[in-house]
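User: I would like to go through this model by question and answer. Please keep it brisk.

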Amino acid sequence: MSKFAEVAIALPVDRVFHYAIPEELQADMAVGKRVFVPFGPRALVGYVVGLTGTADVKDVKEVRSIIDKEPILTEEMLKLARWMGRTYFCSWGEAIEAIIPAGIKKGKVELGTRLKKMAVKAAEFPPSTPHVLNEEQSRALKSIVECIDRKEYGTFLLYGITASGKTEVYLQAIEHVLKAGRQAIVLVPEISLTPQTVERFVSRFGHKVAVLHSGLTPAKRFLEWKKIRDGKAVIAVGARSAIFSPMKNIGVIIVDEEHETSYKQDDVPRYHARDVAEERARLNSCPLILGSATPSLESYYKAKKGDYKLIKLTKRIDERLLPKVKIVDMRMELATRKRLAIFSKVLLDALDRTLKNGKQAMIFLNRRGFSTFLNCKKCGFVMKCKRCDTALVYHFEERKLLCHYCNYKMEPPDICPNCKSSYVRYFGLGTEKVESEISHAFPHSHIARMDSDTTAKSGSHDKILGDFRTGDTNLLVGTQMIAKGHDFPAVTLVGVVSADVSLNVPDFRASERTFNLLTQVGGRAGRGEDGGEVIVQTYAPGHYSILAAAKHDYEKFYEEEIVARKELLYPPFINLVKLTVRARNDDLAARTAQRLAQAIAAETKTMAVTGPAPAPIARMRGYFRYNILVKGKDRAEMCELLKKVLGKFGKPAHVLIAVDVDPIAM
Ligand code: ADP
Ligand code: ZN
Ligand code: ZN
């Protein structure tokens, strides 16, 4: 009998705590169960991660009670959590907290308790049967199946253009896994944006699928979790956190659209689900399939190096051609028209043609609102958020100026707050303005707009897409929300109002994001019989990410981009850790950041420390922010060093330090 329990607690303390196991709890104690333990003046929920005969301190306290009848965490999940702690700069307990569903976090729900049976929406999709695979698909499936049968870890990068049959390969790999009595996890970027992908899994496997989406209440999520744990559901399809599904015998893990940034969690623990998936596949000795039409630089680099197995699907199933892309140089438009126009003549003509032919068009601009800033013509004053260092955006429907970072709202002023002149003007454009301009230009069209303003209400999402599908609306204006997943056969035209929005962001991934977005929106055109056309407006028509996207040439883009990454020493050549130091007092934040950067640099010879520099948005929600970037080869090593430095760093009160491993935004 072990006398002590090793307990992890969800606090930012990088150690486990020892508690004595009282006589009467001996029989019930087990690794993976939750316990109540005294911690300072409080009692906290802890996770038993080990049992031991000796304690690391003299006056050990006792475990108060055991919460679970059955362990809620398997050895494998505990190992995964520990790996996360080491990789993503958090404690073992914080990582455990992240991997169990919210419903059981507080220690309230017991696994033995019978929950009121709730009607989980049954599979209402027509069943589908497997297709006979084409040659490329067969080859892909064969190497994946071999890996499954060998019970070996291996990561496959399934790089295939849209509609090349990737999903069908996933489905058949899963079928193979189920026959062997094992289970599967499928990650999709965001359920609400990828309904058609999710539908494919439910159609094929029916009630065997548990769909985990963010719209579930904690209780429902817990029910799905339990269904998986009890083996009633053998396939989990969901966003990021579905990677923590409590499967016991995983045969394959799939990450669809692996390049998507939504796989990165922006709160502690700041994990990347794709990388967690890789670790989980390793722990389960099973293959991981990463699928994408535009792989992340990281993944493609690993595939080229041979760390991943590269599988290419080069042909579209129906052999339909990719849409023609036309780049419009807006500098020329400006020169010929003598005034700033939102739409080029080319785009207007194409819209006109599309509507006359009874077809549909999508108009993309990755920025919401009406005017993106309010500017005084006389003194140059720009209305900024009181708490963030960003221009306020005018929203026409609300008739308010809005901060896109903290949601601060104010009435737009009639006179300049600075010089009291009345020359305040609106500049810049967002989706609201695009919608309004189009309705002027095409008064007989039926326009809908889809962005986070119009989809705030539940159900509005489906309504907008439904109306577009039936043809009740024929023009759809939107942000990146309209970029992916949707298949509308009558869409023959996609217009990109400005490709420059994502290009001009101060982030080393700006080019990659622009390429991905353009490829994705472009892919919305010509899904039907009539083919399609894409028109991209830009002030940077020579930029390689725009040129490569126009030619549907991922490889070309990769070759250009990888050179830049290497030169500037960015991922995938190194790993990046971003430390953000923030405080309400600018000077305090700056000085602390300076001191921290020096402290890190003093401890290492192998890692490069850059900064501190003001964050791209130097002030947010009233906090002044400074970034320090650490570049190194090994994440765990970097975390260990940073834990050491921060452990003895005299951090002033009122200063906050956030550590982000593999940051996805600067
Ligand atoms: P991707 O995931 O690469 O976009 P999908 O797997 O969704 O591609 O395939 C595109 C379309 O082609 C789907 O409607 C799918 O049902 C169909 N399909 C896939 N593979 C085959 C096949 N071998 N034979 C016939 N149709 C197929
Ligand atoms: Zn002024
Ligand atoms: Zn703000």
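User: Is C376 buried or exposed?
Analyst: This is a predicted model, where local features need pLDDT of at least 70, side-chain atom pairs count only at pLDDT 80 or more, and totals for chains, interfaces and linings use all residues. Residues are numbered from 1 along each chain as its sequence is written, chains are lettered from A and ligands numbered from 1 in the order in which they are written, and side-chain values use heavy atoms, with hydrogens and water left out. Buried means under 20% relative accessible area, exposed over 50%, and partly exposed in between (1.4 Å probe, protein chains only). C376 has 2% relative accessibility, so it counts as buried.

User: Which protein donors does the zinc ion (ligand 2) have?
Analyst: Donors are N, O and S atoms within 2.8 Å of the metal (3.2 Å for Na, K and Ca); water is not among the atoms, so sites may look incomplete. Here the donor atoms are SG atoms, 2.3 to 2.4 Å from the zinc ion (ligand 2). They belong to C376, C379, C416 and C419.

User: What arrangement do the four donor atoms around the zinc ion (ligand 2) make?
Analyst: Four donors count as tetrahedral if all angles lie between 85 and 135 degrees; four count as square planar and six as octahedral if opposite donors are over 155 degrees apart and all others between 65 and 115; anything else is irregular. The ideal angle for four tetrahedral donors is 109.5 degrees. Around the zinc ion (ligand 2) the angles run from 107 to 112°, so the arrangement is tetrahedral.

User: What spacing do the donors of the zinc ion (ligand 2) follow, and how many residues apart are C379 and C419?
Analyst: Along the chain the spacing is C-x2-C-x36-C-x2-C. The pair C379 and C419 links distant parts of the chain. C379 sits in the loop between β15 and β16, and C419 in the loop between β18 and β19 (424–427). Helices (H or I, at least four residues) and strands (E, at least two) are DSSP runs, numbered from the N terminus, and the two cysteines are 40 residues apart.

User: Which residues coordinate the zinc ion (ligand 3), and in what arrangement?
Analyst: Four SG atoms coordinate the zinc ion (ligand 3), at 2.2 to 2.4 Å. They come from C385, C388, C403 and C406. The donor atoms subtend angles of 106 to 112°, so the arrangement is tetrahedral.

User: How many residues apart are C388 and C406?
Analyst: The donors of the zinc ion (ligand 3) follow the spacing C-x2-C-x14-C-x2-C. C388 lies in the loop between β15 (373–376) and β16 (393–395), C406 in the loop between β17 (400–402) and β18 (409–410). This pair links distant parts of the chain, 18 residues apart.

User: Are C388 and C406 buried or exposed?
Analyst: C388 has 1% relative accessibility, so it counts as buried. C406 falls in that class too: both are buried.

User: How many disulfides does the structure hold?
Analyst: A disulfide is a pair of cysteine sulfur atoms within 2.5 Å. The structure's count is zero.

User: Where is E168, and which residues is it in contact with?
Analyst: E168 is found in helix α5. Its relative accessibility is 4%, so it counts as buried. Contact means heavy atoms within 4.5 Å. Neighbours within four places in sequence aside, the contacts of E168 are P130, H131, L133, Q137, R200 and R204.

User: Where does A163 lie, and what is its phi?
Analyst: A163 lies in the loop between β6 (154–160) and α5 (166–179). With a relative accessible area of 38%, it is partly exposed. Its phi is positive, in a residue other than glycine, and near 65°.

User: What is the omega of the peptide bond from V268 to P269?
Analyst: P269 is placed in the loop between β10 (250–256) and α8 (273–284). The bond from V268 is cis, with omega near -10°.

User: What radius of gyration does the protein have?
Analyst: The radius of gyration is taken over C-alpha atoms, and the globule rule is 2.2 Å times the number of residues to the power 0.38. For 666 residues, a compact globule would come near 26 Å. The protein agrees with that, at 27 Å.
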